[in-house]
Amino acid sequence: WNGIGYDSLVRPCYFNVKNVCMPFVSQLNSDIGISRVVLNTIDNQSEAGTKTYSNYTNTISTELIKGGVYELTLERPTTLNKMTRKAWIDFNQDGIFDASETVAVENNAQTATFKANVTIPRTVMSGYTRLRVGVVFSNTTINPCGSNFIGEFEDYRVIFIEDAVIPVITLTGADTINIERGRGYTELGATAFDNIDGNITPNIV
């Protein structure tokens, strides 16, 4: 307010606070852990098997374009035991990681590195949400929202954004054509490429 008076503005439901479900782990094992996570600009290394859960959402994030495909990499330092890896993205931003939000799975494998392609739906709502990655011993149940036996979980912030990159059109022939009057000419055409959709040449009109 000021010397003349005051005013106010009411925004009902302007803030929609969600509680994020939590994973719980009973035991730690340095072999059943996460030592590195890579997704787009995220590249985080940590000591495996020292924490049951790590929340990096306040410090580590990346922007993901709707419709884009990104490679996810999960690593561990040793391969003494088999373990199961999973990754989820809370696409509907409700704080719960449903089975339909699973974006990568490796079941009961004795590998050091796991890679998978993650596709971001075009229909997701723009804004902030979470990536959760988790590992558990052998083929035991892996639960992103509840109890687990031996394993580790980590959360990261991801931000869904619109594709703002303009497609590139490349002429097949020269950019300037000189034609004598009365002579015919056949258009050589062009190619078009989009960073998300790839080759979109057939869409040229």
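A residue counts as buried when its relative accessible area is under 20%, and as exposed when that area is over 50%. The exercises below apply this to a predicted model.

**Exercise 1.** Decide whether Tyr56 is buried or exposed, and find its ring partner.

*Solution.* Step 1: Tyr56 has a relative accessibility of 18%. The limit for buried is under 20%, so Tyr56 counts as buried. Step 2: the count of aromatic pairs comes to 3. One of them joins Tyr56 and Tyr156, with 5.2 Å from centre to centre and 20° between the planes. Planes under 30 degrees apart count as stacked, and this pair of Tyr56 and Tyr156 is stacked. Step 3: Tyr56 lies in the loop between strand E4 (53-55) and strand E5 (61-65), while Tyr156 is in strand E11 (residues 147-161), so the pair links parts of the chain 100 residues apart. Step 4: Tyr156 is also buried, at 0%.

**Exercise 2.** Describe the surroundings of Ser35.

*Solution.* Step 1: Ser35 is in the loop between strand E1 (24-27) and strand E2 (36-39). Step 2: with a relative accessible area of 13%, Ser35 is buried. Step 3: leaving aside neighbours within four places in sequence, the contacts of Ser35 include Asn44, Gln45, Glu75 and Pro77.

Terms used: Residues numbered from 1 in each chain as written. Predicted model: local features only at pLDDT ≥ 70, side-chain atom pairs only at ≥ 80, totals over all residues. Heavy atoms only, no water. Helix = DSSP H or I, 4+ residues; strand = E, 2+ residues; numbered from the N terminus. Buried < 20%, exposed > 50% of the residue type's maximum accessible area, 1.4 Å probe, protein only. Contact = heavy atoms within 4.5 Å. Phe/Tyr/Trp six-rings, centres within 6.5 Å; stacked < 30°, edge-to-face > 60°.
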